Amino acid sequence: MGKGQSKSHIVIFVEGDTDQIFFEGLLEYYRNHSSTPVHSCEVKNLKGVSRYTSKVIGKLKNEICPKARKKGMEVKAVCCSYDTDVFEFAERPIVDWKKVEREVKALKIQNFCQIKVERMIEDWILDDIAGLSRYLKLNEVPKLSGDNAFNKIQTLFKRANKVYLKGISIKGFVGEMDFTPIRKCRKSALSELETLLNVNID
């Protein structure tokens, strides 16, 4: 890095508690497994998908960018993660992503990317169902019932006489989660983020 150049800082905006814990775990995985140093990154929880329109720019302008500059860093990329199931059945788009991107770039932030979580973050967690079953001390990986990933994880927790609660239940598991199969299954959704973060994993 040349003299006077700022270090890159990446911001990932997420819509809920489970997503925040998941992406913080994923960043830890990247830091531990990447053969190249991973850029500085933080995960910001907006607590609701509709807030991408109202909160992102204000947070960047008033809070995140000034803080980064104080540390000698520059926000080089903004990534917005969201569950696609919210958008599948909406008559009108809940978020105008083109507008969000325009406003982000108006702040002189070079890169903007969307991380589309098919269909919800629980689908991604289930990519490591073997690890989740181990964590719940189930002797085998059971067949799952439920019409979506959230309900499937609920039935899994029920088998272990536990209750699955958004955000809270994944906290203990994320440290043991194997992100290798998740990354393999979600390669296309994560590729842009990994490029921006300078992640290199063979």
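## Aromatic cluster and ring pairs

Phe22, Phe23, Tyr29, Tyr30, Trp124 and Phe179 are linked into a cluster by ring pairs, as seen in this structure, which is a predicted model. The structure as a whole holds eleven aromatic pairs. In one of them, Phe22 and Phe179 have ring centres 5.4 Å apart and planes at 65°, and because planes over 60 degrees apart count as edge-to-face, the pair is given that description. Phe22 belongs to helix α1 (residues 17-33) and Phe179 to helix α10 (residues 179-185), so this contact ties together parts that are 157 residues apart in sequence. Both Phe22 and Phe179 are buried.

A further pair is formed by Phe157 and Tyr164, whose ring centres lie 5.1 Å apart with the planes at 55°, so that this pair is tilted. Phe157 counts as buried at 4% relative accessibility, and Tyr164 is likewise buried, with a relative accessible area of 5%.

## Helix α5 and its two faces

Helix α5 spans residues 97-106, and within this helix Trp97, Val100 and Val104 are buried. Seen down the axis of α5, the buried residues fall within an arc of 60°, so they line one face of the helix. The spacing follows a general rule: an α-helix has 3.6 residues a turn, so residues three or four places apart point the same way. On the face of α5 turned away from the buried side are the exposed residues Lys98, Arg102 and Ala106.

## The ends of α5

The N-terminal end of α5 is capped by Asp96, which places a side-chain oxygen 3.3 Å from the backbone nitrogen of Lys98. Lys98 is also one of the exposed residues on the face turned away from the buried side of the helix. Just after α5, Lys108 takes a positive phi of about 65°.

Val163, Leu165 and Ile168 together make a nonpolar surface patch of about 300 Å². Of these residues, Ile168 is placed in helix α9, which covers residues 168-174. Ile168 has a relative accessible area of 58%, and because the cut-off for an exposed residue is over 50%, Ile168 counts as exposed. Tyr164, by contrast, is buried at 5% relative accessible area, and the ring of Tyr164 pairs with that of Phe157 in the tilted arrangement described above.

How values were computed. Residues are numbered from 1 along each chain as its sequence is written. This is a predicted model: local features need pLDDT of at least 70, side-chain atom pairs count only at pLDDT 80 or more; totals for chains, interfaces and linings use all residues. Side-chain values use heavy atoms; hydrogens and water are left out. Patches are made of residues with over 30% relative accessible area and no salt bridge: like charges are joined within 9 Å, nonpolar side chains (Val, Leu, Ile, Met, Phe, Trp, Tyr) within 5 Å. Accessible areas come from the Shrake-Rupley method with a 1.4 Å probe; for residues, only the protein chains shown count as cover. A salt bridge is a side-chain nitrogen of Lys or Arg within 4 Å of a carboxyl oxygen of Asp or Glu. Helices (H or I, at least four residues) and strands (E, at least two) are DSSP runs, numbered from the N terminus. Buried means under 20% relative accessible area, exposed over 50%, partly exposed in between (1.4 Å probe, protein chains only). The arc is that of the directions from the helix axis to the C-beta atoms. A polar contact is a pair of N or O atoms within 3.5 Å; within protein, one must be able to donate a hydrogen and the other to accept it, and residues adjacent in sequence count only if both atoms are side-chain atoms. Rings of Phe, Tyr and Trp (its six-membered ring) pair if their centres lie within 6.5 Å; planes under 30 degrees apart count as stacked, over 60 as edge-to-face and the rest as tilted.
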